[in-house]
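Open the model in your viewer and keep the selection tool at hand. This tour says what to pick next and what to look for there.

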Amino acid sequence: MTSRLEDPASGTGAMPFHEALRAAIAASGLSLDRIQDRLSRRGTPVAPATLSSWQSGRYQPERQRSLAALAVLEDVLRLPPGALTGLLGPPRPRGRWLPPDGHHPDLARAWSDHHDLTAALGALDTRWDDSLTRLSCHNRVDVDADRRVRSLTSRRVLRAEADGADRWIAVYRLDTPGPGPLPRFRLAAPARLGTVLEMPEEGLVAAELLFDSPLSRGETVIVDYTVEHRDQRPYSQRAETTIHVPMREHLLEVRFAKECLPRTCYSFRTNGLDHRPRTGRPREHRLRVDASGSVHAVALGAGPCRVGIRWVWG
C-alpha cells in the first residue's frame with residue numbers, strides 16, 4: 001500500500017512519491033546540481049541524473065545508500081522527516097524478465113492474429129492491463145478420453161503497480177472456430193464476472209474478472225478461473241498461452257485421461273507473438289508423460305511470446 005503526503009506545509013498535497021519529490025524540488029528553488037552539492041557535503045552523494053529519474057517516476061530509491069540519501073534530501077528540501085520516504089511503494093521487480101516500460105504489445109494487438117480486434121475489445125475495461133505485474137501463472141488443460149480439451153483451469157498471482165486496479169481481462173481462443181456455443185468462464189470466489197465479450201467468428205471469448213475490491217499499489221491478488229467447453233470440439237493436439245506482458249513464472253500443464261495417452265509430447269516457446277515467425281518453427285523439447293498422465297512446461301522470464309505444448313496421438 002502506498003502512503004500519501006498530507007502535510008499542507010510541504011506544498012506538495014496528496015500525491016505519489018515522484019510527484020511529491022518533483023513538487024518539493026520546484027518549491028525549494030534549488031537546481032539538481034545544487035542539491036547534489038549539498039548531499040555530497042553531508043556524505044550522501046546522489047548524481048543529478050539519479051535525482052531526475054526519481055522525480056520522473058522512472059526509478060525510485062531502493063538500495064540502502066539511496067534510502068539514506070533520501071532521508072538527508074528531506075532535510076535539504078525542508079520537508080518533515082519521513083515526508084518522502086513514507087511515500088515509497090514496494091521495490092520494483094528486477095531481472096532480465098522485465099523489459100523497459102512500454103516495450104510490449106497491448107492486449108488487442110496480442111490477440112489480433114487475423115483481424116484488428118481493437119474496436120471489439122474496446123467493450124471491455126482494459127485500462128489496468130499494463131499496471132498489473134504478472135508474478136506467476138499456472139494453466140492446466142484437461143483432455144478427456146475422446147481426445148478433446150474439456151477445460152482450462154488458470155491460477156495466477158498479480159501485483160498492482162498503481163492504485164485502483166479492480167479487474168483482470170481473461171481471453172480464450174479456440175484452435176478451430178466453428179458453430180456452437182463458445183466456452184464459458186467459471187470463477188472462484190471472491191472474484192465476480194463482469195462484461196463478457198463473445199466473437200464466434202474469431203472463436204474468441206473475453207471477460208472482465210472483477211476483484212473483491214480495488215487494489216492499492218503493491219498489493220497482490222490471486223485470480224482463479226476455469227474455462228469450460230460447452231460442446232464437442234474436434235480432436236485436440238495443442239495447448240498454448242499468449243503472454244503479451246512479461247511474466248516472471250509460467251507453468252503450463254496438460255493432463256490426459258489415463259485411458260487415452262498421446263504417443264509423444266513437445267513443449268515450445270516462440271520469440272514473439274507472430275504465429276508464423278520468420279525464423280521458422282520455434283525450438284521444441286520432448287516431454288515425458290508422467291504416471292498421472294500429465295506433462296508440463298515451465299517458462300521463466302517469458303514474454304512477449306507464445307508458450308505451448310503439442311502432442312501426437314498414436
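## Stop 1: a pair of helices

Select α1 and α3: the two helices pack at an angle of about 120 degrees, and their axes lie 6 Å apart. That angle makes α1 oblique to α3. Keep in mind that this is a predicted model.

Now show side chains. From α1, pick Phe17, His18, Leu21, Arg22 and Ile25. They meet Leu51, Trp54, Gln55 and Ser56 of α3. What kinds of residue make up the contact of α1 with α3? Five are nonpolar, three are polar and one is charged.

Stay on α3, which spans residues 48-56. Which residues of this helix are buried? Leu51, Ser53, Trp54 and Gln55 are. Then step just past the end of α3 to Gly57, where phi is positive, about 90 degrees.

## Stop 2: the whole protein

Zoom out. The protein has six helices and 13 strands. Its chain counts 314 residues, and 47% of them are buried. The exposed surface comes to about 16300 Å², with 49% supplied by carbon and sulfur atoms. Consider next the contacts with a separation of 6 or more: 72% of them link residues 24 or more positions apart.

## Stop 3: the six-stranded sheet

Select β4, β7, β2, β1, β9 and β12. In that order they form an open sheet of six strands with mixed pairing. Look at the edges: β4 (184-187) and β12 (294-302) stand there. Each has a single partner strand, so one side of each is left without a neighbour in the sheet. Neighbouring strands here are turned by 15 degrees against each other on average, direction ignored.

## Stop 4: strand β1

Pick out β1, residues 132-143. Is this strand largely enclosed or left open? Of its 12 residues, 10 are buried, so β1 is largely enclosed by the rest of the structure.

Look to one partner, β2 (residues 149-160). It runs antiparallel to β1, and 11 bridges join the two. Find Asn139: Ser154 of β2 stands opposite. Find Val143 too; its bridge partner in β2 is Val149.

Now turn to another partner, β9 (residues 247-256). This strand runs parallel to β1, with nine bridges between them. Return to Val143: in β9, its bridge partner is Phe256. Strands of a sheet pair through backbone hydrogen bonds, either parallel or antiparallel.

## Stop 5: the three-stranded sheet

For the last stop, select β3, β6 and β5. They make an open sheet of three strands in that order, with antiparallel pairing. Which strands stand at the edges? They are β3 (167-173) and β5 (192-199). Each has a single partner strand, so one side of each lacks a neighbour in the sheet. On average, neighbouring strands of this sheet are turned by 15 degrees against each other, direction ignored.

Finish on β3 and β6 (residues 204-210), an antiparallel pair joined by seven bridges. Select Trp168, and you will find Leu209 of β6 opposite.

Methods
Residues numbered from 1 in each chain as written. Predicted model: local features only at pLDDT ≥ 70, side-chain atom pairs only at ≥ 80, totals over all residues. Heavy atoms only, no water. Buried < 20%, exposed > 50% of the residue type's maximum accessible area, 1.4 Å probe, protein only. Helix = DSSP H or I, 4+ residues; strand = E, 2+ residues; numbered from the N terminus. Pairing = 2+ DSSP bridges. Contact = heavy atoms within 4.5 Å. Areas by Shrake-Rupley, 256 points an atom, 1.4 Å probe, with all protein chains shown as cover. Axes fitted to C-alpha atoms, helices over the stretch in contact; angles between N-to-C directions. Parallel < 35°, antiparallel > 145°, perpendicular 65-115°, else oblique. Nonpolar A, V, L, I, M, F, W, Y, C, P; charged D, E, K, R; others polar.
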